[in-house]
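Subject: Structure handover

Hello,

Here is the structure we talked about. Please open it alongside this note, which goes through what turned up.

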Amino acid sequence: MREDFLWGGATAANQCEGGFRAAGRGMALVDVIPYGKNRMPVMEGRMDYRDLPEDTWYPGREAIDMYGHYKEDIALFAEMGFKCYRFSFSWSRIFPTGEEEQPNEEGLRFYDGIIDELLRYKIEPVVTLCHFDIPLHLVDKYGSWKNRKVIDFYLNYCDAVFRHFQGRVRYWITFNEINMLMHLPFMGAGIRFSRGENETAVKYQAAHNELVASAYAVKLAHEINPKFRVGCMLAAGSVYPYSCRPEDVWESMKRDRENYFFIDVQARGAYPAYAKKFLEQEGICLEMGPWDTRILREYTVDFISLSYYNSRCVRADGRGEASGGNVFASAKNPYLECSQWGWPIDPLGLRITLNALYDRYQKPLFIVENGLGARDEPDENGRIEDDYRIDYLRAHIRAMMDAADEDGVDLIGYTPWGCVDLISATTGEMSKRYGFIYVDKDDRGIGSRKRVRKKSFAWYRGVIEANGENLK
């Protein structure tokens, strides 16, 4: 890999930070996503959080309490040799309702502490501005991203953090997995549906508003500091046809386009022809501002970041056994083994995905999420021998390096997901662990929160030290 390659790890405020009432922070989207049977209906926008039972538990409110442990955690990242750390700001920690004109100074000081600590260890901060995170006030009062007014609130937030952290943060990501709003609208973008609403139209209007906000954020960032590099972020993974039947191939192409749509706009600067035709066929007329087309065209992203956990597989007839495959519908690929949560394990799929994205956009790529969710059980000595995670990461890093070294894909860096164990976005579980660092906490929030190095901790340290040349 190139000498300036950014090895590191990734987390998100809504899954690790906690401290939900600390230092003036306002209520956020994550604070009302429950654990248990009602979690998915709420995340899908089909159940209002205000209708949840009084005894509902919300795991994101405490998470792993990185709010109180960030110095310890960053010291462990430095011990592994991280070159960068991808994390997110909690929007409501900086603007508690989202409507304030001026930021919450205590919230800024908290992130000052994180960033100063990172820079002390020479770790490059990579900040996601909105990672499944929006002040709850903007959801309840304005309908979240359904409403164009939220664009202005988002840009006020961007302006504040761009100015405050310029000179200390270079890499910014506007929205995490922006395509997730199509699959989990409330978790992805704070979208709730009312009876009788055209849900497809609502989702595409929210998507348009986020895309415009992202373009304005690029414009604003470059005006404040031309050295800023601003990226978009895609939940990626190529969609394979189940067979060589043309119908299956066509179905896989359509599914890929559903995800490419967002990045086509953010990287190329315009709605692609297939998206325009789809909206026309669905009878959807987007509400657009007079400058939207120009802003989208002139302020495209500097790089494309992505998460990759697995590929998908589709059949045109919809038949066949279903795969776990995250929240994306997929047929079971008979050539792939699956994780404990049913996700296909496909290292070559990462190489395929990277080549597809780079061929399509010709912009630098940044892998900001990749990893294996698994149950880690300490042995009688308290050690976690997670060889299965090492095997997964080794294979995916090899595929990534092949894409860069053999295929010519321009890669900025690699930050495996959940470098310290955190709560799962989809299930709210702690038992679905990704980290190099074990956190003593169970699915019901019970535990000391003590941090313990897993076997993969030392292994990844060796990978970084050798710049990927030692994967043993």
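In which loop is Lys122 found? Lys122 sits in the loop between helix 5 and strand 3. One caution before going on: this is a predicted model.

Lys122 has a positive phi, near 60°, and is not a glycine. Most residues other than glycine have a negative phi. Lys122 counts as exposed, because its relative accessibility is 71% and the cut-off for exposed is over 50%.

Ala23 is another non-glycine residue with a positive phi, about 55°. Look for Ala23 in the loop between helix 1 and helix 2 (39-43). Ala23 is partly exposed, at 21% relative accessibility.

**Helix 3**

Helix 3 covers residues 66-80. A straight helix of 15 residues would span 21 Å at 1.5 Å a residue. Helix 3 spans only 18 Å between its end C-alpha atoms. Helix 3 also has a kink of about 35°, centred on Glu72. After helix 3 comes Gly81, with a positive phi near 90°.

Which residues of helix 3 are buried? They are Met66, His69, Tyr70, Asp73, Ile74, Leu76, Phe77 and Met80. Their cover includes helix 1 (13-16), strand 2 (84-88) and helix 5 (105-120). It also includes strand 11, strand 12 (451-453) and helix 15 (455-465).

From helix 3, the contact involves Leu76, Glu79 and Met80. From helix 15, Phe457, Tyr460, Arg461 and Ile464 take part.

**Salt bridges**

How many salt bridges does the structure hold? The count is 45. Side chains of opposite charge can pair when their charged atoms come close.

Glu124 pairs with Arg170, with the closest N and O atoms 3.0 Å apart. This pair links distant parts of the chain, 46 residues apart. Glu124 is in strand 3 (residues 124-128). Arg170 is in the loop between helix 7 (149-165) and strand 4 (171-173). Glu124 is buried, with a relative accessible area of 19%. Arg170 is partly exposed, at 36%.

Asp402 and Arg351 form a salt bridge at 3.7 Å, N to O. Here the partners are 51 residues apart, Asp402 in helix 14 (residues 387-405) and Arg351 in helix 13 (residues 347-361). Both count as partly exposed: Asp402 at 30%, Arg351 at 23%.

Asp421 bridges to Arg433, the closest N and O atoms being 2.8 Å apart. Asp421 and Arg433 are both in the loop between strand 10 (411-414) and strand 11 (437-439), twelve residues apart. Are these two partners buried or exposed? Asp421 is buried, at 0% relative accessibility. Arg433 is buried too, at 5%. This pair also belongs to a network: salt bridges that share partners join Asp376, Asp386, Arg389, Asp421, Arg433 and Lys454.

That is the handover.

Best wishes

Notes: Residues are numbered from 1 along each chain as its sequence is written. This is a predicted model: local features need pLDDT of at least 70, side-chain atom pairs count only at pLDDT 80 or more; totals for chains, interfaces and linings use all residues. Side-chain values use heavy atoms; hydrogens and water are left out. A salt bridge is a side-chain nitrogen of Lys or Arg within 4 Å of a carboxyl oxygen of Asp or Glu. Helices (H or I, at least four residues) and strands (E, at least two) are DSSP runs, numbered from the N terminus. Buried means under 20% relative accessible area, exposed over 50%, partly exposed in between (1.4 Å probe, protein chains only). The expected span of a helix is 1.5 Å times one less than its number of residues. The bend at a residue is the angle between axes fitted to the seven residues ending there and the seven starting there. Contact means heavy atoms within 4.5 Å.
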